[in-house]
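This report describes how two protein chains are arranged in one model. Please look at the sequence and the structure before reading on.

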Amino acid sequence: MPSDPSRLIAALARDQINLDLKTLDLCFLAGLYLRADRASLASFEEDVLIDMFEQVCDVVDPGAERPRKRATHAIQRLRDQRMLARVDGAGIVRSGEYTLTRLAAAVVEYFLADEALTRESLTLLTGTLRAQLAEILAAARRAETEDAWREHVVAPLRITVGDLVGGIERRQRGLDSQQEEVQAEIAKLLQVDWFGAVDRCQSLLDTTTNTLRELNEVLLRDTHHFVALLQEIQALASEAEQAEPEEAVQRVIEHVDRIAAWGGARQRAWSEYYQYVHRYLRDVVRLDPDRALSQRLRDEVANWPSTPFHLLVAAAPSIRLLRPLESRVERPAVMRPRTDREGSPDLVDPEDAGLNIETLVEDALAAGARSLAEVTEWVLPQFPADLRYAVTGRVADVLARITRTRSAIERPWRTVAPRLEVEDWELPREGDRR
Amino acid sequence: MTNSSFQSLEEAISDEHFPEVDLALRRGRHVGRDDGTAYDYLVDALDHLEPFYRRFGCELMQRADGYFYLLPSGDRLGRRQLTAGEMLVGQTLALMYLDPATLQHGGMVQRETLLQRLSGLLGTETLVRTLNPRRRKFDERIAAETVRTKVAEALRRLTDLGFIDSVDDAMLRLRPALMRFAEPVRDLSDRQAALERLVRSGEITLGEAVEKDDSDEEDENDGSDGHSAEDDEEEAGG
């Protein structure tokens with residue numbers, strides 16, 4: 001089983017775990033549980049199951065038709081939900097033998113077993129737990145090997161002690177639900193019998209109060225001893241550098257702390273409820289034995305819109321705190337400093353480097369250049385390096401204007417200067433120029 | 001001979017509880033057993049504080065149900081009468097306080113149950129008209145929303161006055177001070193005579209409440225704009 005709660009919940013959701021038990025199913029399970037308990041049966045033959053189902057059917061649904069067929073369906077339904085398990089392994093060779101699963105037993109026990117915490121059951125459980133812890137402490141003192149720690153300390157802590165502590169906790173939950181029933185019963189008694197129910201309500205309150213006080217006393221006294229014993233075992237495990245027992249003890253300590261906290265919390269909650277009910281019995285029920293006030297008040301509310309009245313209450317206004325006086329502050333208008341935005345233009349040297357390009361191109365042609373690349377190569381050295389790129393374009397422009405150029409479909413790229421190439425044009429011979 | 005642990009008024013008002021309790025009482029709060037040491041202080045200092053508050057034209061009232069409140073009889077200390085919403089909600093809560101079913105949950109009730117009870121006691125139409133007397137026509141949805149708003153407002157003010165505690169958005173804890181709403185029917189005498197007696201003692205006023213416009217009150221109390229869904233509807237409808 002994965003220990004991470006999120007993974008565990010995801011796994012349950014993935015497997016689409018669900019339970020769908022009808023009253024008849026629950027009664028059938030309860031019948032089987034009680035029969036197994038009384039007759040000390042470990043399992044049931046198929047005929048016994050069907051017989052039990054028919055008996056339950058007679059009580060729950062007397063007019064039901066074809067009970068044997070319904071029994072077959074019920075058995076299958078309970079097997080599907082892991083409430084009944086077939087234990088014979090004979091398959092179709094012979095009729096099956098079934099047992100109630102742990103899940104079915106837990107469900108039935110919840111409804112049947114009266115497992116509320118009482119002073120007797122708690123004293124017995126805490127006494128056994130104390131003896132068990134003393135034994136484990138003695139074993140821890142003797143333990144020298146890892147196996148000895150595991151066998152005589154970790155295992156009893158996880159199983160025996162875990163079960164005992166779990167048993168106390170389960171009974172605590174039983175008592176919680178018993179308290180809820182007492183609260184509901186007090187309300188019901190007053191609803192039915194009003195003034196006549198006062199003594200019975202008082203007695204119910206006192207009984208539960210006494211039970212809780214006694215349980216809390218036992219818990220306070222005994223959990224203190226448990227924790228002392230557990231801490232001693234933990235110290236021994238720590239000295240022996242045994243991580244597993246240390247961790248197991250820590251888990252039990254946390255469990256015991258939870259049990260002790262339960263006692264305090266329940267007593268506080270019950271004390272509040274006790275006071276409330278006590279006041280109610282004294283101020284409401286005893287002062288209005290005929291329960292006439294409720295009826296008169298009900299009539300009063302219903303008639304209020306036609307004959308209204310209003311309660312008066314004090315309504316002194318809050319003290320006004322005046323803000324400290326401040327002299328008026330003149331705020332300056334928002335403005336920005338004036339500046340002269342009409343600045344004088346900068347003086348720069350005239351750019352006349354390209355003025356004589358046309359002359360240079362003509363010189364190149366006259367010198368016998370026969371392509372754009374040759375003309376450009378002839379002109380570029382006349383200019384500084386930073387102007388050569390721009391001059392290259394102007395050369396092409398001049399050449400296109402003063403000559404008739406020709407070019408192949410795929411114009412070849414020619415290098416005319418370092419890091420500078422042009423797509424070349426061929427030029428006509430001298431007699432063909434414009 | 002007094003049972004008070006305070007020897008003089010000076011000692012009583014020097015106690016650390018006095019400022020808080022005094023302010024609460026002057027704002028109309030009912031201080032009950034649930035208020036713990038504040039209530040214990042009032043029980044202890046009662047003999048000194050009664051004449052003290054009388055000088056302000058108020059009576060410091062102590063009720064057998066276990067709560068104190070200040071009842072102004074003159075004009076020296078401000079006072080106000082509860083609104084129709086507060087009265088209806090308060091009386092219904094008092095009825096629920098008397099109900100044994102509430103006992104099962106230690107005096108806790110759900111807001112939803114209160115609305116159901118109110119509607120059951122008065123009928124929806126009477127409830128709507130009582131809570132909003134100036135409107136002539138009602139759309140069902142708007143009416144329901146108005147009732148919920150008025151009841152929520154009344155609950156907020158009753159909480160401030162110490163009649164109830166607001167546990168969370170859904171739950172309320174009822175306090176014994178709610179029994180003030182049952183005063184006119186507490187004894188078996190004629191209701192009218194009981195009302196007259198309460199009027200004479202300054203506990204109640206009879207007749208329609210002189211209620212301020214809600215939006216005005218909200219402006220005064222919490223500075224909100226007081227603009228309700230109902231107003232929107234009215235404006236939209238011309």
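## Confidence in the model

Where pLDDT is low, the predicted coordinates should not be read in detail. Averaged over chain B, the pLDDT is 84, and 84% of its residues score at least 70. The scores of the model are ipTM 0.85 and pTM 0.63.

## Where the chains meet

How many residues of chain A are in contact with chain B? The number is 37 residues of chain A, and they are in contact with 63 residues of chain B. Between the two chains an area of about 4,500 Å² is buried, and carbon and sulfur atoms give 64% of that area. On the side of chain A, the residues that lose the most area to chain B are A:H310, A:L311 and A:L312, which together account for 19% of what that side buries.

## A sheet built from both chains

An open sheet of three strands has the order β4(B)-β4(A)-β8(B), with antiparallel pairing. Which strands stand at the edges? They are β4 (79–81) and β8 (204–206) of chain B; each has a single partner strand, so one side of each is left without a neighbour in the sheet. On average, neighbouring strands of this sheet are turned by 30° against each other, direction ignored.

Strand β4 (residues 309–314) of chain A pairs with β4(B) over three bridges, in the antiparallel sense. One residue pair shows this pairing: A:L312 has B:Q81 in β4(B) as its bridge partner. Helix α9 (residues 191–200) of chain B lies across β4 of chain A together with β8 of chain B, and runs at about 120° to β8(B).

## Cysteines

A disulfide is a covalent bond between the sulfur atoms of two cysteines. With a cut-off of 2.5 Å between cysteine sulfur atoms, the count over all chains is zero disulfides.

Conventions. Residues are numbered from 1 along each chain as its sequence is written. Chains are lettered from A and ligands numbered from 1 in the order in which they are written. This is a predicted model: local features need pLDDT of at least 70, side-chain atom pairs count only at pLDDT 80 or more; totals for chains, interfaces and linings use all residues. Side-chain values use heavy atoms; hydrogens and water are left out. Two strands pair if DSSP finds at least two bridges between them. Helices (H or I, at least four residues) and strands (E, at least two) are DSSP runs, numbered from the N terminus. Axes are lines fitted to C-alpha atoms, for helices over the stretch in contact, and angles run from 0 to 180 degrees between N-to-C directions. Contact means heavy atoms within 4.5 Å. pLDDT is the predictor's confidence in each residue, from 0 to 100. Buried area is the accessible area (1.4 Å probe) that two parts lose on being put together, summed over both.
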